[in-house]
Amino acid sequence: MLFKQQALLRQKLFVLGSLAIGSVLYLVARVGTLDRLQPICPIEGRLTPQELEQIPLRALQFKRGLFHELRKGNATKEQIRLHNLVQQLPRAIIIGVRKGGTRALLEMLNLHPAVVKASQEIHFFDNDQNYARGMDWYRGKMPFSFPHQITIEKSPAYFITEEVPERIFKMNSSIKLLIIVREPTTRAISDYTQVLEGKERKNKTYHKFESLAMDANTCEVNTKYKAVRTSIYTKHLDRWLKYFPVEQFHIVDGDRLITDPLPELQLVEHFLNLPSRISQYNLYFNATRGFYCLRFNIVFNKCLAGSKGRIHPEVDPAVVTKLQKFFHPFNQKFSQITGRTFNWP
Ligand code: A3P
């Protein structure tokens with residue numbers, strides 16, 4: 001009898017002991033997590049290695065789940081307060097270039113746990129009506145984020161719109177500016193293809209690319225054609241350089257983002273003073289799409305919408321060559337200024 005009671009007591013002590021050890025281990029883990037969740041500011045200056053370690057690798061599932069609900073307006077004010085979520089002005093903007101791969105760049109950067117994207121193009125700085133609504137309106141368009149995260153928005157029209165550099169400068173003179181470029185002739189044809197598709201959707205006819213890109217009278221490149229003008233990257237950059245030093249820009253090679261995205265993304269992480277967190281695991285080539293797609297975690301992955309990666313119409317090779325020759329000196333100047341070289345003809 002006594003022996004039985006002792007055995008029972010030993011059993012109880014064992015269970016209680018296990019519970020106590022478990023609780024201690026849990027508390028240690030919690031404190032560790034909370035420690036890592038302390039907000040830090042990764043963008044203002046370069047971070048020390050210790051600070052880099054503090055950037056929380058919080059679950060992407062959480063980022064997706066709660067942020068998704070917030071975007072749909074389903075999260076409660078309590079949740080926002082509890083998680084210390086805020087709507088922050090962007091600390092980096094993808095200012096262009098249209099059809100350079102701006103959407104792919106934004107979506108891929110959003111894989112980083114310290115980055116939160118504004119899903120829609122806000123068109124705050126290039127649209128007078130929106131700009132007149134003021135900075136609070138702009139902030140209100142931003143996604144919810146943890147204070148230590150950085151918000152990024154993209155509006156490709158910013159790059160080519162006259163008033164934008166000054167307006168962005170007035171908001172934040174030390175903002176980081178990302179420009180993604182593609183081989184200029186390909187970009188112009190991509191631009192044309194998008195417009196053509198819009199016309200076809202409305203059952204409208206449209207000119208051939210050749211007749212828009214070339215001046216029929218002079219047989220020279222038609223610099224009045226917007227798709228051509230947009231591809232003269234250095235002309236637009238000149239306007240920006242009146243406000244921002246060249247160090248505040250980072251140029252992304254859009255052609256390389258298509259064929260081998262990771263090294264391009266790592267360069268951007270470095271530019272944004274973020275620890276390298278996007279890995280090959282997050283990017284997989286989808287043979288059906290012919291593009292890299294995004295893997296957030298074991299259950300969630302996605303490719304870009306079908307409007308990205310359209311089939312371009314055939315263009316007269318003589319016109320292509322003429323355009324390439326036309327862009328060449330501008331490209332050289334662009335490379336000289338930015339320090340980035342490309343595999344362009
Ligand atoms: P095309 O449709 O001409 O192929 P933007 O987002 O600035 O409009 O750029 C669109 C371009 O992004 C597409 O141009 C496509 O080539 C390019 N792109 C880059 N990476 C991509 C990806 N992973 N998936 C789809 N398109 C991608």
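Visitor: How many disulfides does a search of the whole structure find?
Guide: The model is predicted, and the search covers the whole structure. Cys-293 and Cys-303 form a disulfide, with their sulfur atoms 2.0 Å apart. The cut-off is 2.5 Å between cysteine sulfur atoms. The number of disulfides found is 1.

Visitor: Which hand does the disulfide of Cys-293 and Cys-303 have?
Guide: The hand follows from the torsion about the S-S bond. For Cys-293 and Cys-303 that torsion is about 100 degrees, so the disulfide is right-handed.

Visitor: How many residues apart in sequence are the parts that the pair Cys-293 and Cys-303 ties together?
Guide: Cys-293 lies in strand S9, residues 291–295. Cys-303 lies in the loop between strand S10 (301–302) and helix H15 (317–338). The pair therefore ties together parts whose separation in sequence is 10 residues.

Visitor: Is Cys-293 buried or exposed?
Guide: Buried means under 20% relative accessible area. Cys-293 has 1% relative accessibility, so Cys-293 counts as buried.

Visitor: Which residues form a nonpolar patch on the surface?
Guide: One member, Ile-298, lies in the loop between S9 and S10. With a relative accessible area of 78%, Ile-298 is exposed. The patch has about 390 Å² of accessible area together, and its members are Tyr-281, Ile-298 and Val-299.

Visitor: Is Lys-154 buried or exposed?
Guide: Lys-154 is found in strand S5, residues 150–154. Beyond residues up to four places away in sequence, Lys-154 touches Ile-94, Thr-102, Arg-103, Leu-106, Gln-120, Glu-121 and Ile-122. Its relative accessibility is 2%, and the limit for this class is under 20%. Lys-154 therefore counts as buried.

Visitor: How many of the residues of helix H5 are buried?
Guide: Helix H5 spans residues 102–109 and is mostly covered. Its buried residues are Thr-102, Arg-103, Ala-104, Leu-105, Leu-106, Glu-107, Met-108 and Leu-109. Among them, Thr-102, Arg-103 and Leu-106 are touched by Lys-154. The count of buried residues in H5 is 8 of 8.

Terms used:
Residues are numbered from 1 along each chain as its sequence is written. This is a predicted model: local features need pLDDT of at least 70, side-chain atom pairs count only at pLDDT 80 or more; totals for chains, interfaces and linings use all residues. Side-chain values use heavy atoms; hydrogens and water are left out. Helices (H or I, at least four residues) and strands (E, at least two) are DSSP runs, numbered from the N terminus. Buried means under 20% relative accessible area, exposed over 50%, partly exposed in between (1.4 Å probe, protein chains only). Contact means heavy atoms within 4.5 Å. Patches are made of residues with over 30% relative accessible area and no salt bridge: like charges are joined within 9 Å, nonpolar side chains (Val, Leu, Ile, Met, Phe, Trp, Tyr) within 5 Å. Accessible areas come from the Shrake-Rupley method with a 1.4 Å probe; for residues, only the protein chains shown count as cover. A salt bridge is a side-chain nitrogen of Lys or Arg within 4 Å of a carboxyl oxygen of Asp or Glu.
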